[in-house]
Amino acid sequence: MCLNPVLVLFSGMCLLNELTKSDTYIDHTKLSFVIIYIGGVYQSMAKYFVSLKNYKKFQEILIFMEDLRESLKERDNLSYIRCQNLEKSLKFSVFFVRTFFTSSVIIGIMLFLYHCYLRNFSSPLMYNIPFLHEKSLLYRPTHLVIQFISFLTIVTVGIGLDFVLVIIVGYLDGELMSIASLITELNRSSKTNPEVTKFLKRIQSLHVRVLNVLTNLREIYWHLSVHIILSNFIFICLNLYVVRFLVLSAPTVLTFFNGCFQLFILSYISQILLDKTEQVAYSLYQTTWYEMDIKNQKIFLQILQASQIQRGIEAGGLTIISINTFVQVLKSAITYAAFLYTLIN
């Protein structure tokens, strides 16, 4: 895998070199896709280097997921509730991953072959290697091999980390739903039962661990989410410009929708975290905690204090990502695509 990022960076430099050529600006379709591919290189490399930088945090999250699976093997009511919620959550996450993977592979193949055809099977990523002459025997095979590997790496890294995010949030979603369910169960039980203290401490330990994992995830995506939103904005805007005003073709239309879907995944995943952390707080507020003894009230209030703030994925501290973020970015992309057409024509 060490060579692949180098080839992607090389492709990025060649794409930037295309922007220095005057003929690139004559063909607006080529110019749009050059910028789109630059955005793809930018996003995939941002994800790659962020993943390397946060390797230890990913390891901690992986340990949490493995421990969660192991703990569900216990035969008690608590494990049964957690197992049910985790199954339900992961079923949805796996469906999301399969849908996005299938669409990305199909659209990626269609787009690559379409651009191969447009460029006479020489440069599907819309760039020429500067030091390789067009009349050389190595020109076409070299371009196809390097650009195919680069394209494959861009797509793999670009969507691979999205898959990891969806699965991680699936585990967090299941555990947060379990905590909310356990709090509801606590409200139904007798407040003078000696087992309440043990039950409360168990809920507290589960909640603290989930919040620690969620903190790691938020730190990983603190800056990365800004890069993803920015590159997807450029991707959607220019794809829409090409589809609406230049070339209406199946690959470009499907690529536009796939870009929208990628941004939707990030927004929806963050919305799930916001909703589930709020659900825990709501369940706590519905509990008759004042009927507990003083010792249990202290434990309960500690859990309540930790759940006061909704926790989703933040974009560099500028905003908390939600479904509203997806809508706003999409509206802005449509507006700028129309403005771009007016400006150029």
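The largest cavity has a volume of about 450 Å³. The model is a predicted one. By the rule applied, there is 1 cavity of 30 Å³ or more.

**The cavity**

Lining the largest cavity are 25 residues. Nearest its centre lie Ile154, Val155, Phe235, Asn258 and Gln262. Five helices each supply at least two lining residues: α2, α4, α5, α6 (195-246) and α7 (250-285). The biggest share comes from α2, which gives 7 residues. By class, the lining has 12 nonpolar and 13 polar residues. No charged residue takes part in the lining of this cavity.

**Overall layout**

The protein has 9 helices and 0 strands. Read from the N terminus, its elements run α-α-α-α-α-α-α-α-α. The C-alpha trace spans about 85 × 40 × 30 Å along its principal axes.

**The pockets**

The largest pocket holds about 350 Å³ of space. Its lining counts 17 residues. Those nearest the centre are Ser51, Phe58, Gly160, Leu161 and Val164. Two or more lining residues come from each of α2, α3 (55-71) and α5 (139-188). Of these, α5 gives the most, with 7 residues. The lining of the largest pocket divides into 12 nonpolar, 4 polar and 1 charged.

The second largest pocket holds about 250 Å³. It is lined by 15 residues, and Val105, Ile109, Phe151, Leu152 and Val155 are the closest to its centre. The elements giving two or more residues to this lining are α4 (77-118) and α5. Again α5 gives the most, here with 8 residues. The lining of the second largest pocket has 11 nonpolar, 4 polar and no charged residues.

Val155 links two of these spaces. It is listed among the residues nearest the centre of the largest cavity, and among those closest to the centre of the second largest pocket.

**Helix packing**

| Helix pair | Axis distance | Angle |
|---|---|---|
| α1 (3-18) and α2 (28-53) | 9 Å | about 150 degrees |
| α4 and α7 | within 9 Å | roughly 155 degrees |
| α7 and α9 (323-344) | within 7 Å | roughly 150 degrees |

Start with α1 and α2. They pack at an angle of about 150 degrees. That angle makes α1 roughly antiparallel to α2, because angles over 145 degrees count that way. The crossing of α1 past α2 is left-handed. From α1, the contact uses Pro5, Val8, Leu9, Gly12, Leu15, Leu16 and Glu18. They meet Lys30, Val34, Tyr37, Ile38, Val41, Ser44, Met45 and Tyr48 of α2. By class, the contact of α1 with α2 has 11 nonpolar, 2 polar and 2 charged residues.

Next come α4 and α7. Their axes cross at roughly 155 degrees, and the two helices are therefore roughly antiparallel to each other. α4 passes α7 in a left-handed crossing. The α4 side is made by Phe92, Phe96, Thr99, Phe100, Ser103, Ser104, Ile107, Met110, Leu111 and Tyr114. The α7 side is made by Ala250, Pro251, Thr252, Leu254, Thr255, Asn258, Phe261, Gln262, Phe264, Ile265, Tyr268 and Ile272. This contact has 15 nonpolar, 7 polar and no charged residues. Asn258 and Gln262 of α7 belong to this contact; both are also listed among the residues nearest the centre of the largest cavity.

Last, α7 meets α9. Their axes come within 7 Å. These two helices are therefore roughly antiparallel as well. Cys260, Leu263, Phe264, Ser267, Tyr268 and Gln271 of α7 make the contact with Ile323, Thr325, Phe326, Val329 and Leu330 of α9. The residues of this contact divide into 8 nonpolar, 3 polar and no charged.

Technical notes:
Residues are numbered from 1 along each chain as its sequence is written. This is a predicted model: local features need pLDDT of at least 70, side-chain atom pairs count only at pLDDT 80 or more; totals for chains, interfaces and linings use all residues. Side-chain values use heavy atoms; hydrogens and water are left out. Axes are lines fitted to C-alpha atoms, for helices over the stretch in contact, and angles run from 0 to 180 degrees between N-to-C directions. Helices (H or I, at least four residues) and strands (E, at least two) are DSSP runs, numbered from the N terminus. Angles under 35 degrees count as roughly parallel, over 145 as roughly antiparallel, 65 to 115 as roughly perpendicular and the rest as oblique. A crossing is left-handed if the near helix is turned anticlockwise from the far one by less than a right angle, and right-handed if clockwise. Contact means heavy atoms within 4.5 Å. Ala, Val, Leu, Ile, Met, Phe, Trp, Tyr, Cys and Pro count as nonpolar, Asp, Glu, Lys and Arg as charged, and the others, Gly among them, as polar. On a 1 Å grid over the protein atoms alone, a cavity is a set of points where a 1.4 Å probe fits but cannot get out, and a pocket is an open set with protein on both sides within 12 Å along at least five of seven lines; lining residues have an atom within 4 Å of a point. Grid points are joined across faces, edges and corners, and a volume is the space filled by probe spheres set on the points.
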